[in-house]
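Me: Could you take me through the aromatic rings of this model, one question at a time?

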Amino acid sequence: MFSAEQSCWFVRKVVCWRAVASIAWAVLLLPPITAVFVILSRFSLLHPIQTISECLSFLTSASAIFSFILLCGVIIMVGFLNLEYYTVIPTIACSKIALLGQLLHPRQCVSSLVHCIMGIIVAWCCAVTIGGRYETIGYPVTQSDGAESPPQMCLNEYHLILLLAGAFVGFSHSLLGVIYNMNFVSFHPVQQYKYLRFKGSLTMVVKCSATQALYSVRNFIVMYFFLGYIPKAWICKTLNLYLNSSAHPLDSIAGLLDLSLLYHLWISATFLLFTWHITLLLFRIFVTEVYSFPVQSSFTEDAHQCLPKVLTDKQTMILKFLALQDLALLSQHSPSRRCEVFSLSQPGGHPHNWNAISKECLSLLTDLTQRLIAYHDTVATNGRAKSLSTGSERKTSSETSVGTEDLMSPRPTLLMKTPASVFARSIVGGPPQSPLTAPFTPDLDSPFASPALRRLTAPVDQCSPWFGTVQSPHIMRRAPKLWSTSTDSQANGSPLSSPASVPSPKQEPSKPSLLAQFLQNRKEQLPEASSQALFADSQAHIWALEGLSYLVQASFSEDQFGVVQTTLPSILSCMLFLQEAVDRHFKLPHASSKPVRSASSMGDSTYKTLRFALRATLKTAIYRITTTFGNHLNAVQMSAEHRKRLQQFLEYKE
């Protein structure tokens with residue numbers, strides 16, 4: 001195992017420099033973006049030539065240069081936050097309580113505070129740029145009672161509302177970043193040059209920035225209408241300013257219906273979000289750029305940088321993802337590097353490169369298969385009581401059947417596991433439940449629960465003839481017959497019980513409080529989100545499937561030593577096991593529906609459809625192998641069930 005310094009070489013030498021390059025390009029793009037903002041904020045249809053001359057004179061002024069320096073500092077800070085918070089595996093909340101926990105996390109609170117401060121700085125730069133009534137926080141007003149009295153400094157509410165709008169937009173951007181997973185960095189399926197990717201995404205960035213700014217300004221206006229007097233009073237007390245009684249207050253309907261004010265608020269928010277989104281877009285483009293790893297090295301000190309060693313790294317996920325991406329690309333487009341994968345080590349003649357690559361890919365696929373089996377066993381209960389021994393035996397037998405030969409390698413610890421919130425839930429005020437049935441047990445205390453569901457799941461009275469027996473739900477709907485007790489008593493020879501001796505019905509337990517019901521409803525699992533969390537890291541499995549299948553296909557004509565044929569049974573068995581688990585998962589109702597992608601946010605929603613891409617890639621990978629080897633696969637040792645399944649692929653019936 002390599003040391004931490006060796007395993008982090010990629011972060012120091014590649015990722016950090018790519019982040020610096022993205023920040024540098026964002027700073028270089030800031031002058032033209034600022035010039036466009038100056039023109040849009042000062043433009044006048046009645047005096048176009050005068051507006052252009054004023055804009056040119058302002059861009060060369062000292063205040064504009066100082067504002068540009070502040071904006072550069074904000075861009076650098078945004079780039080640093082992108083580098084600090086980015087992830088290649090999205091964090092998906094499986095319940096509303098989990099999402100609330102993410103929003104209230106101390107790390108997220110610090111990020112929200114920093115975004116508020118940066119929003120105020122950008123809003124101040126926008127106020128200086130627009131000029132006029134937005135330029136200063138205070139202005140002198142001469143008192144009307146006497147001409148010799150000194151003028152009072154009054155609060156400029158237009159400047160204040162612009163600063164507060166910047167803070168609100170920055171805060172809402174931070175919250176939306178958590179909700180829409182804006183820190184998630186996905187890898188583009190089609191390899192393009194950086195310029196072409198940036199050019200193709202520029203229109204989307206403008207649209208998202210303008211739309212998000214419009215919604216943010218709307219929410220801010222509503223909040224300022226009800227709570228605007230609080231910051232005004234605090235600013236006046238802190239800065240020793242006065243409120244001009246002759247000026248119209250902005251925290252009123254007439255004050256907020258100023259079209260010029262609304263336009264300047266929207267254009268400033270759009271400028272703020274556009275600069276931040278451009279920085280985020282450049283970071284995504286630079287970080288996900290393809291990196292070519294050497295397959296083997298002649299020097300031992302560079303062995304930790306080779307592809308077989310990098311694939312087994314357990315610390316840096318961006319390094320592992322780029323290595324798998326490079327594996328998928330070399331397996332398709334690089335015959336010379338494929339020969340290095342199929343080569344034998346000297347001395348000894350062992351296929352170390354192929355063994356390391358195939359073992360890691362099979363370990364990834366086996367891990368996903370085990371997660372799918374565990375998830376399906378949980379969902380299959382559907383609220384019915386299921387003993388732990390049955391589920392554990394089934395899981396154990398499934399894991400034993402999957403882990404044949406070389407498949408039972410150590411499971412990767414850094415890849416996404418099924419979230420714990422999916423398997424842990426308890427009913428508030430109810431008895432403890434099995435961890436397998438807990439997430440999907442219906443909430444009887446919910447106001448949306450039907451009366452029939454309450455009757456079916458209600459505890460049976462001990463004096464009822466249905467106590468201690470298992471009955472069909474159709475029979476349970478019928479009320480017990482009045483003569484059942486007397487008939488049974490006469491048959492047993494026991495005397496009839498008097499009405500007084502019949503025990504009174506038990507008193508129903510008190511319902512939980514409104515707060516408990518509210519928290520319970522927020523804890524309800526979201527099946528769609530749990531399925532997305534299960535496949536959150538499936539991009540790695542897609543690359544593993546593509547790399548293995550293309551290498552196996554190329555080995556038919558390029559593998560001179562037959563190193564691939566030794567692991568071909570394990571590869572086919574692993575893929576067929578995974579296909580069986582994926583097919584079972586897609587039979588669930590929430591797994592087969594494609595989510596609607598949001599077009600008004602910079603959040604990358606590709607993780608929502610990863611399960612569909614994985615299913616298509618898996619079937620394509622199996623067909624790629626079967627069409628290459630054909631009937632030669634009949635000589636491969638495998639179980640009868642897998643041979644029958646493989647025959648369907650050979651006959652193109654799958």
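**Aromatic rings**

Reply: Phe10, Tyr291 and Phe293 are joined into a cluster by ring pairs. The model is predicted, so local features need pLDDT of at least 70 and side-chain atom pairs count only at pLDDT 80 or more, while totals for chains, interfaces and linings use all residues. Residues are numbered from 1 along each chain as its sequence is written, and side-chain values use heavy atoms, with hydrogens and water left out.

Me: How many aromatic pairs does the count come to?
Reply: Rings of Phe, Tyr and Trp (its six-membered ring) pair if their centres lie within 6.5 Å, and planes under 30 degrees apart count as stacked, over 60 as edge-to-face and the rest as tilted. By this rule, the number of aromatic pairs is 20.

Me: What kind of pair do Phe556 and Phe629 form?
Reply: A pair of aromatic rings is described by the distance of the centres and the angle of the planes. The centres of Phe556 and Phe629 are 5.2 Å apart and their planes lie at 85°, so the pair is edge-to-face.

Me: Is Phe629 buried or exposed?
Reply: Buried means under 20% relative accessible area, exposed over 50%, and partly exposed in between (1.4 Å probe, protein chains only). Phe629 has a relative accessible area of 7%, so Phe629 is buried.

Me: Which residue lies over the face of Tyr550?
Reply: A charge sits over a ring if NZ of Lys or CZ of Arg is within 6 Å of the ring centre and within 35 degrees of the ring normal. At 3.8 Å from the ring centre, the residue over the face of Tyr550 is Arg624.
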